[in-house]
Amino acid sequence: MASINENKDFSLVGQCLSGSEPAWMEFYSRFERLVRMVVRRRLHNSEDAIEDVVHDVFITLISALKNYNSSYSLQNFVCTIAERVCVDRYRFSNASKRNAETHSLDDENSGVVYQVMKSSNQPCQEEALILAQEAEIVKRALRLLGMKCRELLRLRYYDEAPYSKIAELTGITENTLTVQTSRCIRELRNIHQNLVKSGYK
Amino acid sequence: MKTLDKNNMENHPQDMLLGYLEGTLSVEDHDMVRGHLGQCEECAEEIDSLGKLAGILKSEKHVFCPEPWEWYEFIENGYNPGGRLSSHLEICPLCSAEIANYNHSRTQETLPTVIKEALKEAYPEPSFSKHSEAQGRFARIPNWFSPMFRFPTLAFGAALAAILAVVLLYPRGNGPIFIGVSSEDWEEAGPVAKSALPKFVPAQKESKAVGGNSQVHKYTPKSRSVEQSKPKVALVVVFSGFDKPLPQSTVDSLYEQLRPRADLEKRFQFSTPAQLKQFLEKAVGRNLSPTRILREFYKESSINFALVENVKADEDKFGLKSQLVDTHNDQILAESIQLGLSGTELASRINDSLALLNDVKIEKRTK
């Protein structure tokens, strides 16, 4: 029965909240690689930077664990916190960049000019954050989409297969496929809009 | 593909918009759509939103990938519903790389210094695993619960608990798990029933129990036909993290807190702790795990739902995880968790957890 099997998480959280260092060590051992996976997906940064964020996630978890709601799995909770820390990183990085740019107006030394130039070559952090959040909603919407549509969109956009190849694979004519893809995307858009309306973030 | 009537603005080329965006239309259709878009605001907005979505699907390929927590479950616990994750892994280089990374990276043997420092700051006096103190904790438990016995009704309920009640101990990987057992049968349950039903006579109950008369401990329905139409619920207390069985009076007092209220009795039929006890007595010696025992109990007693109170020893306090489980598929329908509870708080929270039964549309699910 799930209620007994989940006692392990329940017990670990309880011990962590009492400040037990061995319990935190166990918690860290269990979830460190998972956190690293989330951070790597979100930030696409160097390994050093990722290490830094992973530490931040666990430091945040020290205070956040008391809010753990066992309606969700512990790993789900850890992922949520990891994603929040990544979003905070985006924001912090964006704010720092803005400050640096503001400073450059008063300072014309070459270092600052270089900094501004460098930032112009990178994707805007604000945009990256919005895109990441948008992608999360699309991901959720995809889960709610019918299996046929999901598979069709996967072939078309993930595999980037031309309609001729999809037609070969599925035995459906190209014309029908273009219409079906269009309808699937519209359905996805409708689900997406409903999620946004319902406040999904 | 259908052609567009240029002169009919109500005939929106919805199925052609994506093709227009992706440049897969014939020259003629492309021109017609372009002409339509110049005059139709609705389609212009539509193509905008579709383009944005298609762009995300192309650039953010991980939207097709399972969540990190799903990979965690896949690697650690073999979670793979319908083979979805393993099939995805076969075709997705992004996820293959992630999984390889996960498998090859090794966690440090000790906590990183920054995390240790943060822990020290959050817990100035860190406590370490104190299982050796369990003995002292047991000694304190009866005192924590003793205030409950000042109330006449509760004292009466506790006095009804039969001497034969037992607590079974089964060793498991994460410390022993006890299924709390009591002879409580809640015969005088509910405000109305309390005055209407005859007072319980302990001697009679005990003698019948010894004689093995299974009818004695059975919950006596007011009207069998009405009772049978209600979903049947088992109320179970499970203990973990304790080194030895708790005093029977403590277990009884916790079951006393689970006594169904009259409003719940209108909606559900409850199995009593005495029925669970009777089943467990039969299961002794069969070397079954607590999980298996409870499953078999649910099956034999035709239980539809179980409200399981997981009481966990948590240093000097208790943790409580209350879960309402659909016994047919082990699905958790509702759940609450509380940590750092005193003995009195624990009793009170167990009583509160009966409210989980209100939160779920159980009757509908049963049909």
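Two residues are in contact if their C-beta atoms, placed from the backbone, lie within 7 Å. Keep that in mind for what follows. This is a predicted model.

Let me start with chain B. Take the contacts in chain B between residues at least 6 apart in sequence: 67% of them join residues at least 24 apart. Chain B has 367 residues, and 36% of them are buried. Its secondary structure comes to 19 helices and seven strands.

One residue in chain B deserves a look. B:Leu246 sits in the loop between strand S3 (232–240) and helix H13 (248–257) of chain B. Is B:Leu246 buried or exposed? The cut-off for buried is 20 or more other C-beta atoms within 10 Å. B:Leu246 has 21, so it is buried. Now look at B:Phe178. It is 68 residues away from B:Leu246 along the chain, yet their C-alpha atoms are separated by 9.0 Å.

Next, the interface. On chain A, 60 residues are in contact with chain B, and on chain B, 64 residues are in contact with chain A. Several helices of chain A each supply at least two residues to this side, including H2 (7–17), H4 (47–64), H5 (74–106) and H7 (125–144). Which helix gives the most? That is H3(A), with 13 residues. By class, the side of chain A that touches chain B has 26 nonpolar, 22 polar and 12 charged residues.

Let me zoom in on one helix pair. H10(A) packs against helix H1 of chain B, residues 14–22. Their axes are 8 Å apart, and the angle is about 100°. The range for roughly perpendicular is 65 to 115 degrees, so H10(A) and H1(B) count as roughly perpendicular to each other.

Who meets whom? From H10(A) we have A:Thr178, A:Val179, A:Thr181, A:Ser182, A:Arg183, A:Ile185 and A:Arg186. From H1(B) we have B:Gln14, B:Asp15, B:Leu17, B:Leu18 and B:Gly19. The residues of this contact divide into four nonpolar, five polar and three charged.

Last, confidence. Chain A has a mean pLDDT of 79, and 76% of its residues reach 70 or more. Two stretches of chain A need care. Over residues 1–5 of chain A, pLDDT stays under 50, and the model has 16 contacts for them beyond four places in sequence. Over residues 101–122 of chain A, pLDDT also stays under 50, with eight such contacts. Where pLDDT is low, the predicted coordinates should not be read in detail.

How values were computed. Residues numbered from 1 in each chain as written. Chains lettered and ligands numbered in written order. Predicted model: local features only at pLDDT ≥ 70, side-chain atom pairs only at ≥ 80, totals over all residues. Helix = DSSP H or I, 4+ residues; strand = E, 2+ residues; numbered from the N terminus. Nonpolar A, V, L, I, M, F, W, Y, C, P; charged D, E, K, R; others polar. Axes fitted to C-alpha atoms, helices over the stretch in contact; angles between N-to-C directions. Parallel < 35°, antiparallel > 145°, perpendicular 65-115°, else oblique. Buried ≥ 20, exposed ≤ 12 C-beta atoms within 10 Å, placed from the backbone. pLDDT = per-residue confidence, 0-100.
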